[in-house]
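Subject: Structure handover

Hello,

The structure is below, as promised. My notes on it follow.

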Amino acid sequence: MISTVRSDADWMRAAIALAERGRALSSPNPSVGCILVKHGCVVGRGWTDCGGRPHGEAMALNQAGDAARGATAYVTLEPCAHESLRGPACTDLLISAGLARVVIGSQDPDPRTNGAGIERLRAAGIAVDAGLLEAEARASLAGFVTRQTLGRPFVTLKLATSLDGQIALADGSSRWITGDAARAHAHLERARHDAILVGGGTFRADAPRLDVRLPGLEHRSPRRVLLSRMGDAPLGWTGIAAPEDIATLEGTDWLMVEGGAEVAAAFLERDMVDRLLLYRAPVLIGRGKAALGDIGLSDLAHAHGRWQLEDTRLLGKDRMESYQRVR
């Protein structure tokens, strides 16, 4: 007989999955997932809505109604404890609802809440368990955490290359190195980011649209950012003059960098890439345009131990590999 009893870890993973629904839509707030469970059954669930309100906890409590009393809340981030003109603190909402227990994935690095939400819940007589699946919870909140700790967005560098590391022929021809499945996956990745950045060379050569061309996800096209020496940009784009300027991008916790080789190298040289997203096509180009320029590496020993493989899969004939920066 297969048991249907769910563990705390099962419920937290479900809350983390819910949080993904609000990613790149919940700015200026992080997307937080929340599940309310009573007698082994879900009585409410939520995730941070578009524009940052309502928070996941508020959505779940509204769905549960009176059934929230005596329930356990599984929430990916410590409930907020600071006052806001946009709505009440989630800690106060949970207390008012009469919850018996709150299980938290990650403590909030925002100094306005950091630890205060947990203390207030405990002071109200609610049992609190913090740090369950913390690494997984923080990964789902990486954009918010990076903004809070490093003062900039979480950066994904996307590269589509041949087996020998070229992104185009010598004359610049690059459409298409990868196939339909890999390109569709890249568009899905775009939909999970607040903004997408290219350099002036790519802008002039390709006139990229940088939108999401997947049915039903067109509205999730990220804002477009142009990195140029003067920091200027055409209508509909945001211009910055240096990689460090991404810290000034409002409402941007998740940034994808798509091109080209000089821009990619500039972000890598400054150690401002948090995730590498590589698509490799089973083709050889030989003399062409390399995926990267000089990244300032002077000793091969310094190249090791910096990247950890987190995912790999075949997409048609192409292979996707995702690496996290080890910090």
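Glu 262 is exposed, at 66% relative accessible area, where exposed means over 50%, buried under 20% and partly exposed in between, with a 1.4 Å probe and protein chains only. Glu 262 sits in helix H9, residues 261–269; helices are DSSP runs of H or I with at least four residues, numbered from the N terminus. This is a predicted model, in which local features need pLDDT of at least 70 and side-chain atom pairs pLDDT 80 or more, while totals for chains, interfaces and linings use all residues. Residues are numbered from 1 along each chain as its sequence is written, and side-chain values use heavy atoms, without hydrogens and water.

Val 263 also lies in helix H9, but is buried at 9% relative accessibility. Leaving aside residues up to four places away in sequence, Val 263 has contacts (heavy atoms within 4.5 Å) with Leu 197, Val 198, Gly 199, Leu 227 and Val 257.

UniProt, in an unreviewed entry, lists a "binding site" that includes Ala 160, Trp 176, Thr 202, Glu 262 and Val 263; such annotations may be inferred rather than shown by experiment. The listed residues span 107 residues of sequence and are up to 24.5 Å apart between C-alpha atoms.

Now the cysteines. The count of disulfides (cysteine sulfur pairs within 2.5 Å) is zero. The sulfur of Cys 90 is 3.8 Å from its closest cysteine sulfur, in Cys 80, which is too far for a bond. For Cys 34 the closest is in Cys 90, at 8.3 Å, also too far. Cys 34 is buried at 0% relative accessibility, and Cys 90 is buried at 1%.

Regards

Terms used
Helix = DSSP H or I, 4+ residues; strand = E, 2+ residues; numbered from the N terminus.
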